[in-house]
Amino acid sequence: MTDVVLKVKDLAVSFMSELGLVRAVDGVDFELRRGETLALVGESGCGKSVTAHSILRLVEHAGGRIERGSVWFNGADLLKMPAEALRRVRGNRIAMIFQEPMTALNPVFTVGEQVAEVIREHLGRKRKEARAQAIDLFARVGIPDPSQRVDHYPHQLSGGMKQRVMIAMALACSPLVLIADEPTTALDVTVQAQILDLIASLQREQGMAVLLITHDLGVVAEVGDRVSVMYCGRMVEHGTAHEVFSEPLHPYTHGLISSIPSLTAPRGQLRAIPGGVPDPLDFPSGCRFHPRCFLKTRLETAAESGGSRICSEVSPSLREWRPSHPAACHFAEHMPPAAKEPAP
Amino acid sequence: MTPRAESALLEVDHLVKHFPLRRGLFSRVHAWVRAVDDVSFDLHAGETLGLVGESGSGKTTLGRSVLLLEEPTSGKLCFDGVDLISLRPSALRRTRRRMQFIFQDPYGSLNPRMRVESIVGEGMRIHSLARGAELRRRVAEILDQVGLPPSAMSRYPHEFSGGQRQRIGIARALSVDPSLIVCDEPVSALDVSVQAQVLNLLMEIRARRRLSYLFISHDLSVVRHISHRVAVMYLGQIVESGGVDELFSQPRHPYTQALLSAVPTRDPERKRLRILLPGEPPSPTDPPKGCRFHPRCPVAEKLCAVEEPPWKQRSATHSYRCIH
């Protein structure tokens, strides 16, 4: 397909820890299409951030090793690209914003200098011109008094303003792809609404694709066109946001959605997923979700599964149970019909 | 909020907590952070009051002041009819047994060098509620109530996951049989799937023991789920309070309305009605004159910058602080 701007195939990334090898990402595939927002969701340790950081090979700077896989962008595999060529893509064609705008900005330079640096580096503008362009960008991302704000240092700005600066920096070269790693997690809900609104409107103007990494299903519901759900380093379900929320095919997705209290639905006991997220040094065999899976338990008590033993023995691969809605579950056809819409 | 006829478990009356900001060679106080600025509410036995607000609204300071973990600057605190502020230290310690705290950070709030048995048993020992074999038996019983196996007793906090550590924190709070627990963002550090388990547990315990919670959270869905009544804070003050259903379905204060409408949603109708607030909350060091919300308020008038808004009653249980 021509409208695919970024294609990740069979990505595997590992980290060496004191306690052993951690396979943080273990065979992940997805495609990002022009102009869309793809939300990569999952809980802590599922590998969503590592996946995002592997695209531009930032993970290598954090001690991660890309074991296998490819990331296709503009006809080239970013994972095999020489460092020099990759630098021309980074921040230019593919930009990234992070959860902690405080740590992502350099405290000893003014925010204007930092944005101007990107413009000089990638677009070859002169100092003065770059500064003027930075002021323009600040205005576009809704920073008040942009011509004064460019001379401020990061500590003089609030969290929301710093995230706007990061977005201005990311937009400097009109990228085709924006990777946003938990961009609003550190922000208050009213500021989060401003930032999500800003990203959406800039996306409409520029037609850029957004890969949104988040653990917050509310945010996914709000801005996601399509959703990919990760669990323990693997992809468990892909689909349009509507399909995934209204008819999840993987028991984990179903569990996540029912775990969240709603702003509108009647209150009662929450249907929590039992147990906790497994230790990445010791993932369960077979389907990594099987020890927590309600569907497996249900099939066992109904005794109709013909052996849900398969769950603990064979790792399920993604299968298209419905058109363009694959899930990695041996028994997705037994999924209860519809979960409720997520909060709110 | 207006005082109600029957006596409350906790009465907070015009509570103020200001922190000094010091600077220079002689640490001269050059400004005050007005973290909690004239807050009144009451809490009844078995009731959960949800306290919502954004960072810097003073909700955590309020929670800590209620248990005298921060000494209030002024105001009155009554617990079960007893004025806490005038209590002698020994009497305060006895009363404190009935008021416990659950912290946000399940990693930082447990002593890493103590075994779970000592962490959970410490309160009972200090208050001479049990000792020896009886103490061990009661620790095991409480651990069982929060869903931890007896084998947890001999282990250290680092051996547990975040959700399990929060259960240990809950067990510690329950150990001394309190009447009131202040829960400060008890689930916000947890994964979604684990958050639901802990919320269910808190609600189960509340029903079994007729506990009162002061439940502090920035997460509106969580607060709606667990609370009977809700108070919304902005810059050190409560701006609206009411029964959970009336407040969520008919918010009256423009800040509450904006806050509720900012929660992410799939619903295009809700998105269309969203009130996007400009800017961010100002500093509590120098709060705006008049109504503190007026610089960001979509319906502010000239008067709002001058006059402190009065409390208005929408119903017997629902009141808000706005001239509109």
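Start with chain A, which is divided into domain 1 (102-174) and domain 2 (234-334); these bounds come from an automatic or database domain assignment. Color the two separately: their C-alpha centres lie 43 Å apart.

A word on ground rules. This is a predicted model, so local features need pLDDT of at least 70 and side-chain atom pairs count only at pLDDT 80 or more, while totals for chains, interfaces and linings use all residues. Residues are numbered from 1 along each chain as its sequence is written, with chains lettered from A and ligands numbered from 1 in the order in which they are written.

Next, select residues 189-206 of chain A. Now show side chains: among the buried residues here are A:Val189, A:Ile195, A:Leu196 and A:Ile199. Buried means that 20 or more other C-beta atoms lie within 10 Å of the residue's own, against 12 or fewer for exposed and partly exposed in between, with C-beta atoms placed from the backbone. What do the buried residues of α8(A) pack against? Look for α7 (159-171), β7 (177-181), β8 (209-214) and α9 (217-223) of chain A, together with α9 of chain B. After the helix comes A:Gly207, with a positive phi near 65 degrees.

Over to the interface. Here 31 residues of chain B are in contact with 35 residues of chain A (C-beta atoms, placed from the backbone, within 7 Å). On the chain B side, select α6 (192-209), α7 (220-226) and α9 (254-262), each of which supplies at least two residues. The largest share, eight residues, comes from α6(B).

Stay in chain B for the open sheet, ordered β2-β1-β4-β5 with antiparallel pairing (two strands pair if DSSP finds at least two bridges between them). Its edge strands are β2 (28-43) and β5 (82-83). Between β1 (10-23) and β4 (74-79) of chain B there are five bridges; pick B:Leu10 and you'll find B:Phe79 opposite.

Last, color by pLDDT, the predictor's confidence in each residue from 0 to 100. Chain B averages 92, but residues 1-5 of chain B stay under 50. Where pLDDT is low, the predicted coordinates should not be read in detail.

Technical notes
Helices (H or I, at least four residues) and strands (E, at least two) are DSSP runs, numbered from the N terminus. Two residues are in contact if their C-beta atoms, placed from the backbone, lie within 7 Å.
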